[in-house]
Amino acid sequence: MSKEKTPRRKKDPARALMGPIMLFYFLAFFLLGMKGGNWESFLLSFAVPAMIYIGTFGISRLFPADKLLLSLTNFLCALGVLILYRFSPQRGLTQAVNYGVGVGCMILCAYVVRYMPGWKWSTVLMMGGSLLLLLLPLAIGTEKNGAQSWITVGSTSVQPSEIVKLALMLCLAYLLSQRRVVLSVGFAGACLLILMLQKDLGTALLYYGVTLVLLYASTGSLSLVGVGIAGGAGAAILGYQMFAHVKRRVAIWLDPWADVRNAGYQIVQGLIAMVNGGTWGVGLGLGNASVIPEYYNDFIFMTILNEFGVIFGLIVLCMFLFIIIRGIMIANRSRTVFHALLATACSALLALQTFVIIGGNIKLIPLTGVTLPFISYGGTSLVSSLCIIGFLQGIASRNEAGVHADRALASLGGELP
């Protein structure tokens, strides 16, 4: 009598990754502690791996979560804390606090997306609130890098457009799921107009790209997308003609060496840092990428390449790619049009933002003032990026609940319970 073979349990890729990830950060912070003799580094060598473990497997105990998506996200967030702490312990510790706040907001967003019964009236409120938030910097905001998009409260700076992009994705996903194309285009156009008035063309590009992706995903109309692309090209030319800082960035992109001591200094130093890092990097704690202006924000990817090398940089890019692919998979498995469009928006935004900032760093495209998701310094940016993952987790949780319901129905022979 032959014995029945027990089915093998599927390997959990998140659990397989967790050991190497925790060991990497333990050794990284421990080495920084050995180099600088700072007790905070030794404390972080235990605290950061613990945060990654709790942020991956602890959250999955609250609701059915995509653990692989969580593990990749936590790795990138911890990488930001590590790089920032290596150059500025104060920034690193602040980013660690932002990381904790962001994880809390991620959980909240996941619950909202999973259990929200309806989006009609909340969409109306979000649309009005978003326009008011975007208008605030024009009234009481401060200018930074040519764009008036920041609000300063005491010693804290907040960028309302980072918050509004979350509302934009929710509103567009709901409106387009209800076939309200004209209203969705009008809302997105109003947001873009205000961003143009702020001279924040980098964020405007992200808003515009996500809107185009959702329009195509919901309507399938290439002609509508073509008109949108033509309008965007016209707006880009108009922005180039109107804003001096845009002309300067294009000139730097074409030839940064023409003004290497002033306007081109940042991108030239970034390219030098990348070349000096080479294939394997100069080593953690041994680089000098802090000479790059805004190294902790716009050019943090070049800082990573300098200390860890091009191979590690490609691994980081692969992690972003896997997160985006995971988001697309969640969209494909969604059981409602709204959730499918929302997951598509999240994936498109992360993809576009990553491409824009890294492409600007390596001189593939003109540099724009956006942050690298999960890694760049800034509380608003990190929290909003983690909220995007929260949206994806909420949708993934609903998908998993639907699968369990289908299995229960199938076990009853297709009859309703």
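R86 is buried, at a relative accessible area of 18%. In this predicted model, R86 pairs with E307 in a salt bridge, with N and O 2.6 Å apart. R86 belongs to helix α3 and E307 to helix α12, so the bridge ties together parts 221 residues apart in sequence.

**Salt bridges**

- The count of salt bridges comes to three.
- E307, the partner of R86, is buried at 1% relative accessibility.
- R326 and D66 also meet through their side chains in a salt bridge, at 2.8 Å from N to O. This pair links distant parts of the chain, 260 residues apart: R326 is in helix α12, and D66 is in the loop between α2 (39-58) and α3 (67-87).
- R326 counts as partly exposed because its relative accessibility is 23%, whereas D66 is buried at 9%.
- K165 forms a salt bridge with E162, and their closest N and O atoms are 2.9 Å apart. The two residues are three apart in helix α6, so about one helical turn separates K165 from E162. Both K165 and E162 are buried.

**Packing of helix α12**

- The axes of α12 and helix α13 (residues 337-361) come within 9 Å and cross at roughly 160 degrees. Helix α12 is therefore roughly antiparallel to α13, and the crossing is left-handed.
- Helix α11 (residues 265-277) and α12 have axes that come within 7 Å and cross at roughly 20 degrees. The cut-off for roughly parallel is under 35 degrees, so α11 and α12 are roughly parallel to each other. The crossing of α11 and α12 is left-handed.

**Nonpolar surface patch**

- A nonpolar patch on the surface is formed by W280, V310, I311, L314, I315 and L317, with about 540 Å² of accessible area together.
- I311, one of the patch residues, is placed in helix α12 (residues 300-332). I311 counts as partly exposed because its relative accessibility is 33%.

**Positive phi outside glycine**

- R179 is not a glycine, yet has a positive phi of about 65 degrees. R179 is found in the loop between α6 (160-177) and α7 (181-198), and is exposed with a relative accessible area of 60%.
- K199, likewise a residue other than glycine, has a positive phi near 65 degrees. K199 is found in the loop between α7 and α8 (201-219). With a relative accessible area of 34%, K199 is partly exposed.

Methods. Residues numbered from 1 in each chain as written. Predicted model: local features only at pLDDT ≥ 70, side-chain atom pairs only at ≥ 80, totals over all residues. Heavy atoms only, no water. Patch = residues over 30% accessible without salt bridge, like charges linked within 9 Å, V, L, I, M, F, W, Y side chains within 5 Å. Areas by Shrake-Rupley, 256 points an atom, 1.4 Å probe, with all protein chains shown as cover. Salt bridge = Lys/Arg side-chain N within 4 Å of Asp/Glu carboxyl O. Helix = DSSP H or I, 4+ residues; strand = E, 2+ residues; numbered from the N terminus. Buried < 20%, exposed > 50% of the residue type's maximum accessible area, 1.4 Å probe, protein only. Axes fitted to C-alpha atoms, helices over the stretch in contact; angles between N-to-C directions. Parallel < 35°, antiparallel > 145°, perpendicular 65-115°, else oblique. Left-handed = near helix turned anticlockwise from the far one by under 90°.
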